[in-house]
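Trainee: Could we go through this one together? I would like to start with the charged pairs and then turn to the core.

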Amino acid sequence: MRAAQVSELAGPEAIRIVDIPEPTVYPGGVLIDVHAAGIAFPDVLMTRGLYQMKPGLPFVVGGEVAGVVREAPEDSPLRTGDRVCALTMLGNAVAEVAVAPANAVFRLPDNVSLEAGAGILFNDLTVHFCLRKRGRLAPGETVLVHGAAGGIGTSTLRMAQALGAGRVIAVVSTEEKAGVAKAAGATDVVLTEGWLDAVKELTGGRGVDIVLDPVGGDRFTDSVRSLAQGGRLLVVGFTAGEIPTVKVNRLLLKNVEVVGAAWGEWVMSHPGYLAEQWAEVEPLLASGAIAAPQPVLYSLDRAAEAVAALDNRTATGKVVVGVR
């Protein structure tokens with residue numbers, strides 16, 4: 001089979017399309033003919049050996065797929081021919097065939113294409129975890145998201161109101177990205193330059209209830225300042241590169257919280273949580289309450305470019321590699 005493989009830790013440009021043997025199905029695994037594979041920022045880090053989980057070289061990039069079941073365990077509800085999305089958990093996704101644990105494979109609603117399905121699990125379930133579990137989103141609250149034109153950002157914009165938010169403010173760096181954010185469902189969009197003052201004006205000085213921040217960097221302190229009384233700043237990642245710090249006296253001023261939101265760690269330590277999430281998210285996708293993502297598609301031959309688009313922050317929306 002053809003696959004996007006990393007054989008040296010030199011960044012996305014080291015990805016090569018190679019022919020390798022199809023994977024062997026392990027006990028409890030589901031064999032999937034992959035039609036599309038999602039790309040996320042951890043894939044960038046893994047190509048440099050900077051992610052907390054480090055697969056041995058060489059490895060196939062990517063951790064989420066959508067495709068058609070070829071083979072499933074007898075005790076699984078899945079059947080040959082089912083359209084599914086799945087998490088391969090650590091690499092092994094951008095390939096013509098993949099294996100995923102049965103508890104991380106889910107039937108796709110009929111109204112969600114395989115290309116869109118490859119962009120659902122990593123981002124949407126991360127956002128669901130952030131807003132529901134860690135952010136304790138209450139009906140009508142205001143959510144602000146940084147990097148709003150990226151994968152996590154657009155997922156937040158698509159999902160937040162369906163999960164109860166009354167207002168969703170997008171922070172973006174360019175007018176082009178502002179258009180992406182509006183199309184994804186933002187109720188308000190502000191540019192990075194002067195964003196804090198703009199948000200204060202939008203909220204009448206009150207501030208926002210939740211900030212979802214996958215970016216980090218030098219805007220972190222202003223994110224704390226942007227919170228309303230009792231607000232929560234959700235730390236999701238550091239795509240800006242710099243890991244910020246916070247002076248904890250700022251947390252006392254308005255009784256605000258800085259909350260870690262590491263979905264992958266939670267999933268690994270809480271068996272069954274993925275199924276709990278899918279039980280809530282799938283009906284919202286099937287009904288159209290949450291729109292399916294509109295991914296930016298790259299061919300398999302351009303897999304290195306797909307990962308590089310996240311590395312250089314030119315990507316807008318969810319990046320997906322079409323495999324078949």
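Trainee: Is Arg136 buried, exposed or partly exposed?

Mentor: Arg136 is partly exposed, with a relative accessible area of 43%, where buried means under 20%, exposed over 50% and partly exposed in between, using a 1.4 Å probe and protein chains only. This is a predicted model, in which local features need pLDDT of at least 70 and side-chain atom pairs count only at pLDDT 80 or more, while totals for chains, interfaces and linings use all residues. Residues are numbered from 1 along each chain as its sequence is written, and side-chain values use heavy atoms, leaving out hydrogens and water.

Trainee: And which residue does Arg136 form a salt bridge with?

Mentor: Its partner is Glu257, with the closest N and O atoms 2.7 Å apart; a salt bridge here is a side-chain nitrogen of Lys or Arg within 4 Å of a carboxyl oxygen of Asp or Glu. Glu257 is itself partly exposed, at 29%.

Trainee: What about Asp82, buried or exposed?

Mentor: Asp82 counts as buried, at 16% relative accessibility, and its side chain meets that of Arg107 in a salt bridge of 2.9 Å, N to O.

Trainee: Switching to the core, how many residues does the largest nonpolar one have?

Mentor: The largest has 51 residues, and Leu121 and Trp263 are among those with the most contacts inside it; such a core is a set of buried Ala, Val, Leu, Ile, Met, Phe, Trp, Tyr and Cys residues joined through side-chain atoms within 4.5 Å. A second, separate core of 34 residues includes Tyr51 and Leu300.
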